[in-house]
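User: Please take me through this model by question and answer. Keep it brisk.

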Amino acid sequence: MSHQTTTIVLTGGPCAGKSSSLSYVAEHLKKHGYHVVIINELATELQHKGLIPGKTIASVAFQEQLLQEALLREAEHHASFRETPQRKNILLCDRGIADSRAYLTTQEWDEVLKKAKLTMSSVFSRYDLVLHLQSVAIDKPELYTTHNNSSRRESVAEAVEVDRKTLCAWLGHESLRVIDNQGSFDDKKSSILNEILHFLGHPTPLEIEAKYLVSSSFSPAWIPVPYAEVAITQHYLDTTTRIRERKLYDGVSYTHTIKTPTTTPSVRIEVEKHITEEEFVELLEKRKSDSRTIKKKRYYFVYKNKYFELDVFEGIPLVLLELEASSLSSLKSVELPPWIPIEKEVSTDWNYYNSTLAKRPL
């Protein structure tokens, strides 16, 4: 887009604090010079108009109408943003289109997307950052209530299940973060804001990453939790610049990334943007002729509220587990999945950087 716009989704299970956090986040982002527009939860708006899924309207029909309303509302705001390209615009969404997956069967969801001429890849590409706010029903059930939302009807057990399904609906998105209920609600709101500011590159766009070498005998089929598989092909234009093609489910997306080293080995300055297929093909002509094209399958999953990436490389006996964070300190307390045979940490070993692997002989 020609205008500076970042679209952020706050999603999660019932009674997760999404709506309560929106105004807090918007207020603080404005203090940092951002122009913020909020799209409130559209499902609640439709239900207030008398459209109750399973009662006054079929569940599939409700989700179809919800999707169309979301597309319309988002398009209206992006059109207004184009009129002021000099502003740093942020669109904050209380839930996003992919949330509907949690309320439909796989076949129903596929039909809804087909009718709207969308793919999962194109849906994910609409949102730059997804924050899954964990429902208090999971670990603080005494705080769970239906009194502050007339459209909330789930029991504690049902809320836990909706939270799980909603998180699974977004697996495979490049930038998904889970915000848990540790500490007070004020702590939770601060965590939301910090994740957003880090993603926005405030004050510097840093990639903070931990990387682990996994036994090459490990099979992704052994992952015991829900995951999403993405096929990635990336080419290097030079040692710091790459273009990437991501094939997710039934769609494809493209990105252009520049990574610049810092004095801290596991921290790099990262500037990434989505590009069109035409831009990707044009940039492909500029790739280094002597470099290897990196192909890998990436498996996204959540463990202990952390969003992990497991990369299985094609043509190289290499498996890596990666985790991005908003600070180095948060990586120190990370609990790694016990069912993944990790051989050693390689966060600071340049031999395991993709850019280094691309330099190896074809």
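User: What does the accessible surface of the protein chain come to, and what share of that surface belongs to carbon and sulfur atoms?

Analyst: This is a predicted model: local features need pLDDT of at least 70, side-chain atom pairs count only at pLDDT 80 or more, and totals for chains, interfaces and linings use all residues. Residues are numbered from 1 along each chain as its sequence is written, and side-chain values use heavy atoms, with hydrogens and water left out. Areas come from the Shrake-Rupley method with a 1.4 Å probe; for residues, only the protein chains shown count as cover. The accessible surface is about 17200 Å², and the carbon and sulfur share is 50%.

User: How many helices and strands are there in the protein chain?

Analyst: Both are DSSP runs numbered from the N terminus: helices are H or I with at least four residues, strands are E with at least two. The count is eleven helices and 14 strands.

User: What is the radius of gyration of the protein chain, and what does the globule rule give for 362 residues?

Analyst: The radius is taken over C-alpha atoms, and the rule is 2.2 Å times the number of residues to the power 0.38. The two values are close, so the chain is as compact as a globular protein of that length. The radius of gyration is 21 Å, and the rule gives 21 Å.

User: Which residue in E4 stands opposite valine 9?

Analyst: Strand E1 (residues 4-12) and strand E4 (residues 129-133) pair in the parallel sense over five bridges. The residue opposite valine 9 is valine 130.

User: Which residues of H4 are buried, and which are exposed?

Analyst: Buried means under 20% relative accessible area, exposed over 50%, partly exposed in between (1.4 Å probe, protein chains only). The buried residues are Trp109, Val112 and Leu113. They cover an arc of only 95° around the axis, so they sit on the same side of H4; the arc is that of the directions from the helix axis to the C-beta atoms. On the other side, the exposed residues are Gln107, Lys114 and Lys115.

User: Where does arginine 95 lie, and is this residue buried or exposed?

Analyst: Arginine 95 has a positive phi of about 80° although it is not a glycine. Most residues other than glycine have a negative phi. Arginine 95 lies in the loop between E3 and helix H4 (106-115). With a relative accessible area of 16%, arginine 95 is buried.

User: Which residues does glutamate 209 contact, leaving aside its neighbours within four places in sequence?

Analyst: Glutamate 209 is found in strand E6 (residues 206-214). At 8% relative accessibility, glutamate 209 counts as buried. Contact means heavy atoms within 4.5 Å. The partners are Ser266, Arg268, Glu322, Leu323, Glu324, Leu331 and Ser347.

Conventions:
Pairing = 2+ DSSP bridges.
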